[in-house]
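Open the structure in your viewer and follow the stops below in order. Each stop says what to select and what is there.

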Amino acid sequence: MLNFPHFKIPIQEIQYKQCTVSIKREDLIHPDISGNKYWKLFYNVNQYLSDLPKSQEAFIITFGGAFSNHIASVAAFGKLYSIPTLGIIRGDELKNEISNNPTLNQAERNGMSFRFVNREDYRDKDRLSTALQLEFPNALIIPEGGTNELAVQGIQHMLTEETKDFNYLCTAVGTGGSISGISKYASDSQKVLGFLSVKDLSLSKKILTLSKRNNFCLLDASLGAYGKISDDLVDFINHFNHRYHIPLDPIYTGKMMKKIFELIDDGYFSSDDKILAFHTGGLQGIKGANLVLEKKKRQKIIFDTPIERFLENNLY
């Protein structure tokens, strides 16, 4: 079962112009089950394993795309606890690309099996989930991105005594689970800013349903598309890492921090505002992004952070 970390998650302060921005390093929580994925899985898998009869074998099924952080985390969890895992992968063209895809290759080495589904069928995940539950009645089926009510419950642990003094809580938004949990468990005086990695304003309704609070604001940080990685974004991520020694991924945290800096440039925050951004991990996706950038003969993301040494020094 997943346990609480053996160490206090550090909060690093960085200075940009007139503002101090604090970054809670959830990416350091575990070397392979990173950031918000750890907390989204926390109650899902712990409750499932607690309820599973001893006579039955555990089995976990989930969904994701070519470079999915969620797929990577579930596969790593399966290896850690010797539980078989099955990934339902968007894009049947990927079935012959496993060896060339760093995320899927690592997931396979961690014991995950795959089923590749064409993109049209993949959109109907309710039908897929129903069919899979009939085929594997004892399996835990976790939705894409890990977002459900138990995931929202897990995200509460990203909020601690140390986060109560901030008046802005910032997070990247993919499937909406993390911002729902932050919104639900934030203090009454705190405003939650969600930075959309995909321009989908319909997420507001989903977040309201999960958090039951209207204390958040969604801002477009997608750069026009979910997987779009511009040269400006790569420059920003590399300069950010060089200056602050904090790595960012190009799909979630990189776009969030770039947008936060743009908001500071535009005077959105005052110098007295206490801003906290959650680093939700996703760094495994840098390898896949760099493969795409390399093929296009574009600048790559520099990734030379000592995360492994940090984790080793904190009992992992």
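Select helix 9, residues 231–244, and colour its buried residues: Leu 233, Val 234, Phe 236, Ile 237, Asn 238, Phe 240, Asn 241 and Tyr 244. This is a predicted model. In an α-helix, residues three or four places apart point the same way, because there are 3.6 residues a turn.

Helix 9 itself has 14 residues and spans 20 Å from its first C-alpha to its last, close to the 20 Å expected at 1.5 Å a residue. Step just past the end of helix 9 to His 245, where phi is positive, at about 60°.

In what order do its four strands lie? The order is 5-4-3-6, in an open sheet with parallel pairing. Strand 5 (112–117) and strand 6 (140–142) are at the edges; each has a single partner strand, so one side of each lacks a neighbour in the sheet. On average, neighbouring strands here are turned by 20° against each other, direction ignored.

Within the sheet, select strand 3 (residues 60–64) and strand 4 (residues 85–90), which pair in the parallel sense over five bridges. Ile 61 is found opposite Leu 86 in strand 4.

Last, show the helices that lie across these strands. Helix 2 (residues 69–80) lies across strand 3, strand 4, strand 5 and strand 6, at about 160° to strand 3.

Notes
Residues are numbered from 1 along each chain as its sequence is written. This is a predicted model: local features need pLDDT of at least 70, side-chain atom pairs count only at pLDDT 80 or more; totals for chains, interfaces and linings use all residues. Side-chain values use heavy atoms; hydrogens and water are left out. Two strands pair if DSSP finds at least two bridges between them. Helices (H or I, at least four residues) and strands (E, at least two) are DSSP runs, numbered from the N terminus. Axes are lines fitted to C-alpha atoms, for helices over the stretch in contact, and angles run from 0 to 180 degrees between N-to-C directions. Contact means heavy atoms within 4.5 Å. The expected span of a helix is 1.5 Å times one less than its number of residues. Buried means under 20% relative accessible area, exposed over 50%, partly exposed in between (1.4 Å probe, protein chains only).
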